[in-house]
Amino acid sequence: MKFICVLPVALLLVGSVVSHQYNLGSCPPDVPFQSHLDIDKFLGVWYVIQMSSSASACHKLNITRDGEDLRLVTYSRYGLLQKAVDHTFIDTAALRMPDPTEPAKMKIKYSMYMWWEDFTVISTDYDNFAAAFSCVNVIHVGNRQNGMILSRKPYLDLATADSLRKTFEFFGADRSSLSFINQKDCTGLLKSKSEHDRIISLGTLNINRDPKHK
Ligand SMILES: *[C@@H]1O[C@H](CO)[C@@H](O)[C@H](O)[C@H]1NC(C)=O
């Protein structure tokens, strides 16, 4: 049994940076993981092809080293308000590998939450695809999950996407919540808050007031 929280739009927008799905019960106990993950080959830009309950488009990640930890920057676009205005989220999360012998079992801390949650690289071939899953138990609610199917390119062939989708149901994640992210017309996605002087930044939401910037 699952449910999705309904929040006021502003809150929903901010919450959607970390797209998620609330489920009853605890996080799935046995999430499969890529053994001997080579973290350096996993770094770089990933396009989010499918993701749990997301209303964003042009969603991509850039994973880089940050001292001992990693940094995961999320870029995504929302068209909920006026079409002429480009709403981009740029959000930074920290990734940590508590057990160096199992680097695929990471912890993530999103900027708007105080806690670290599990972030598991389920599978990747480094050059084409990856599947990742994060989950946290939420007191009195159940758990909040986020599944992601990633590609090095803005698209992923259906056979690969389907087989990655199936891996989610093997360990009890809700694969029906994985929605397709539109990666078309994503040129001009803002890269930083300071990139354009007509950007208004409200926390992680960056609104580009100049539609020509698209
Ligand atoms: C990814 O992040 C690195 C380090 O901040 C940066 O140099 C690089 O340009 C970024 N790549 C993209 C495509 O945003």
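Student: Which residues are around the ligand?

Tutor: Happy to start there, with a note that this is a predicted model, in which local features need pLDDT of at least 70, side-chain atom pairs count only at pLDDT 80 or more, and totals for chains, interfaces and linings use all residues. Residues are numbered from 1 along each chain as its sequence is written. A residue is near a molecule if its C-beta atom, placed from the backbone, lies within 6 Å of it. The residues around the ligand are Val45, Asn62, Thr64 and Lys191.

Student: Is Cys58 buried or exposed?

Tutor: Cys58 is found in strand E4, residues 57-66 (strands are DSSP runs of at least two residues, numbered from the N terminus). A residue is buried if 20 or more other C-beta atoms, placed from the backbone, lie within 10 Å of its own, exposed if 12 or fewer, and partly exposed in between. Cys58 has 23 other C-beta atoms within 10 Å, so Cys58 is buried.

Student: What is the phi of Cys58?

Tutor: Most residues other than glycine have a negative phi. Cys58 is not a glycine, yet its phi is positive, near 55°.

Student: Where is Tyr126 found?

Tutor: Tyr126 also deserves a look: its phi is positive, about 70°, although it is not a glycine. With 15 C-beta neighbours inside 10 Å, Tyr126 counts as partly exposed. Tyr126 is found in the loop between strand E8 (117-124) and strand E9 (129-138).

Student: What is the mean pLDDT of the protein chain?

Tutor: pLDDT is the predictor's confidence in each residue, from 0 to 100. In the protein chain, 76% of residues reach 70 or more, and the mean pLDDT is 81.

Definitions and conventions: Helix = DSSP H or I, 4+ residues; strand = E, 2+ residues; numbered from the N terminus.
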